[in-house]
Amino acid sequence: MTKSTQPTVAFIGAGNMARAIIGGLLDNGYPANLIWATGTRAEKLADLEARGLNTGTNNDAAVLAADILILAVKPQIMKQVCEPMRATVQQRRPLIVSVAAGIGCDSLDQWLGGSHAVVRCMPNTPSQVQSGASGLYGNERVSDEQKAQAESLMSHVGLALWVEREELLHAVTAVSGSGPAYYFLFMEAMMAAGEKLGLGADTARRLTLQTALGAARMASASELDPAELRRNVTSPKGTTEQAILSFQAAGLEKIVEEAMQACAQRSRELAEQLRD
Ligand SMILES: NC(=O)C1=CN([C@@H]2O[C@H](COP(=O)(O)OP(=O)(O)OC[C@H]3O[C@@H](n4cnc5c(N)ncnc54)[C@H](OP(=O)(O)O)[C@@H]3O)[C@@H](O)[C@H]2O)C=CC1
Ligand SMILES: O=C(O)[C@@H]1CCC=N1
């Protein structure tokens with residue numbers, strides 16, 4: 001994308017997720033002056049202002065500058081944030097991109113006055129280091145050009161894949177939206193167990209993180225399935241086998257499946273509770 005064709009992007013809400021995407025965009029060379037970010041308190045936006053972004057507490061001003069409007073507030077307040085922006089959104093008609101869990105295109109469209117091109121994006125926080133994974137779904141008003149715009153934007157911060165049905169965003173949330181937290185939890189547990197086995201905290205931490213990075217890089221680069229890569233680590237009657245048997249005896253696969261089902265279910269509940 002050349003500079004002249006890069007869209008102005010306005011983030012309504014500059015919390016964890018917006019900041020992760022903004023950080024990834026800036027580090028990838030996206031011009032700061034083409035990014036707007038709003039929040040409820042100007043002082044919380046000072047660091048973004050210092051990096052050259054346009055910041056403020058006036059959502060309407062951001063909307064009026066936006067080619068792409070990214071809605072990045074909590075699902076529970078999305079309606080009360082959207083409705084006051086209705087007139088300016090109708091006037092400017094940017095491409096709407098919501099990163100909120102659960103809330104459907106129809107609700108967003110209605111809250112913003114109707115007949116909008118709406119993309120729902122389920123990103124994740126590793127966008128901060130350009131290693132994000134986003135699932136995208138667009139309503140019937142999203143043109144091919146707008147699809148390309150949304151995909152290009154999210155590709156600046158990682159992988160961006162479209163899903164065919166909106167319902168599938170619940171599954172994307174369970175896999176990649178919330179997924180980083182599962183890996184962080186696993187890292188926490190490995191670091192704690194490493195310490196219990198006698199390693200110093202720093203050594204346990206560094207070995208754990210490098211192992212996670214190495215395994216992810218290797219699985220991404222390899223033509224072999226993770227199952228095959230696992231078998232390659234697991235010597236018969238060796239050490240790994242004992243760990244894997246212990247995980248399996250504790251029902252790891254079922255634990256993971258139940259956790260992800262619970263995550264997807266919560267996403268469906270949010271969609272139901274917050275509809276209109
Ligand atoms: N965190 C994650 O890993 C992921 C989050 N998401 C989605 O991203 C969205 C945001 O989540 P997250 O970033 O974690 O939440 P945060 O609470 O960190 O960020 C939300 C931000 O919204 C701002 N805000 C509140 N009211 C307004 C308003 N009226 N106008 C402008 N900004 C406002 C808040 O600003 P202030 O502090 O000034 O009130 C806050 O910084 C959610 O919908 C979530 O479902 C999606 C994928 C992953
Ligand atoms: O926990 C949440 O609700 C958000 C959505 C996906 C990740 N974090």
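A: **A helix pair and its surroundings**

The crossing of α9 and α10 is right-handed, a crossing being right-handed if the near helix is turned clockwise from the far one by less than a right angle, and left-handed if anticlockwise. The contact draws on Y183, M187, M190, M191, G194 and E195 of α9, and on A201, A204, R205, L207, T208, L209 and A212 of α10. Two residues are in contact if their C-beta atoms, placed from the backbone, lie within 7 Å. By class, this contact of α9 with α10 has 9 nonpolar, 2 polar and 2 charged residues; Ala, Val, Leu, Ile, Met, Phe, Trp, Tyr, Cys and Pro count as nonpolar, Asp, Glu, Lys and Arg as charged, and the others, Gly among them, as polar. Helix α9 covers residues 179-196 and helix α10 residues 201-221, and they pack at about 140 degrees with their axes 9 Å apart. Axes are lines fitted to C-alpha atoms, for helices over the stretch in contact, and angles run from 0 to 180 degrees between N-to-C directions. The two helices α9 and α10 are therefore oblique to each other: angles under 35 degrees count as roughly parallel, over 145 as roughly antiparallel, 65 to 115 as roughly perpendicular, and the rest as oblique.

The model is predicted; local features need pLDDT of at least 70, side-chain atom pairs count only at pLDDT 80 or more, and totals for chains, interfaces and linings use all residues. Residues are numbered from 1 along each chain as its sequence is written, while chains are lettered from A and ligands numbered from 1 in the order in which they are written.

A second pair is formed by helix α8 (residues 168-177) and helix α13 (residues 252-273), whose axes come within 8 Å and cross at roughly 135 degrees. That angle makes α8 oblique to α13, and their crossing is right-handed. On α8 the contact residues are H170, A171, T173 and A174, and on α13 they are M260, C263, A264, S267 and R268. This contact of α8 with α13 divides into 5 nonpolar, 3 polar and 1 charged residues.

T173 is also one of the residues around ligand 2, together with A101, G177 and S178; a residue is near a molecule if its C-beta atom, placed from the backbone, lies within 6 Å of it. The shell around ligand 2 has 1 nonpolar, 3 polar and no charged residues. A101 is likewise among the closest of the 27 residues that surround ligand 1, with G13, G15, G39 and A100. That shell around ligand 1 comprises 14 nonpolar, 10 polar and 3 charged residues.

Helix α12 (residues 239-249) lies largely in the open, because 0 of its 11 residues are buried. A residue is buried if 20 or more other C-beta atoms lie within 10 Å of its own, exposed if 12 or fewer, and partly exposed in between. G251, which follows α12, has a positive phi near 80 degrees.

For the whole protein, the secondary structure comes to 13 helices and 8 strands, where helices (H or I, at least four residues) and strands (E, at least two) are DSSP runs, numbered from the N terminus. Of its 276 residues, 34% count as buried.
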